[in-house]
Amino acid sequence: MAAADNVCRKCLLREMAEAVDLAAAVKEYRERLPEGVRTPEEPFEQRLARCKACTELSSATCMQCGCYVEIRAARVDVDCPMGYWPALQN
Ligand code: SF4
């Protein structure tokens, strides 16, 4: 099987074995965001669930904005570029 065949287009960083260090860095980034800026756990997971079901997700990246979705979803003041989930505050 070619390496390109191993790409998981519907995975998040935390689910991709080769991206474990990056996933840990993203997790740490989220944890370091101040309260009030960091998206709370429940809406964060709801956002990621929506991204997981989205045709724009490819290898943890949103093909609309180029962001890793786990980073984009981490901040309350950011929304989905396609309108699938809103900012929680401006
Ligand atoms: S941020 Fe929006 S457009 Fe991008 S993958 Fe997630 S749901 Fe899809």
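Let's start with confidence: within the chain it is lowest in helix H1 (residues 20-32), at a mean of 88, and highest in H2, at 98. The score here is pLDDT, the predictor's confidence in each residue, from 0 to 100. Helices (H or I, at least four residues) and strands (E, at least two) are DSSP runs, numbered from the N terminus. Over the chain, pLDDT averages 89, and 92% of the residues score at least 70.

This is a predicted model, in which local features need pLDDT of at least 70 and side-chain atom pairs count only at pLDDT 80 or more, while totals for chains, interfaces and linings use all residues. Residue numbers run from 1 along each chain as its sequence is written.

Now look at the ligand. Of the 13 residues around it, Cys51, Cys54, Cys62, Cys80 and Met82 come nearest; a residue is near a molecule if its C-beta atom, placed from the backbone, lies within 6 Å of it. Helix H2 (41-52) and helix H3 (69-72) are the elements that give two or more residues to this shell.

Next, visit the loop between strand S1 (57-58) and strand S2 (61-62), where Ser59 sits. Ala60 lies in the loop between S1 and S2 too. Most residues other than glycine have a negative phi. Ser59, however, has a positive phi of about 50°, and Ala60 has a positive phi of about 75°.

Are these residues buried or exposed? Ser59 is partly exposed, because 15 other C-beta atoms lie within 10 Å, whereas Ala60 is buried, with 24. The cut-offs are 20 or more for buried, 12 or fewer for exposed, and in between for partly exposed, counting other C-beta atoms within 10 Å of the residue's own, placed from the backbone.
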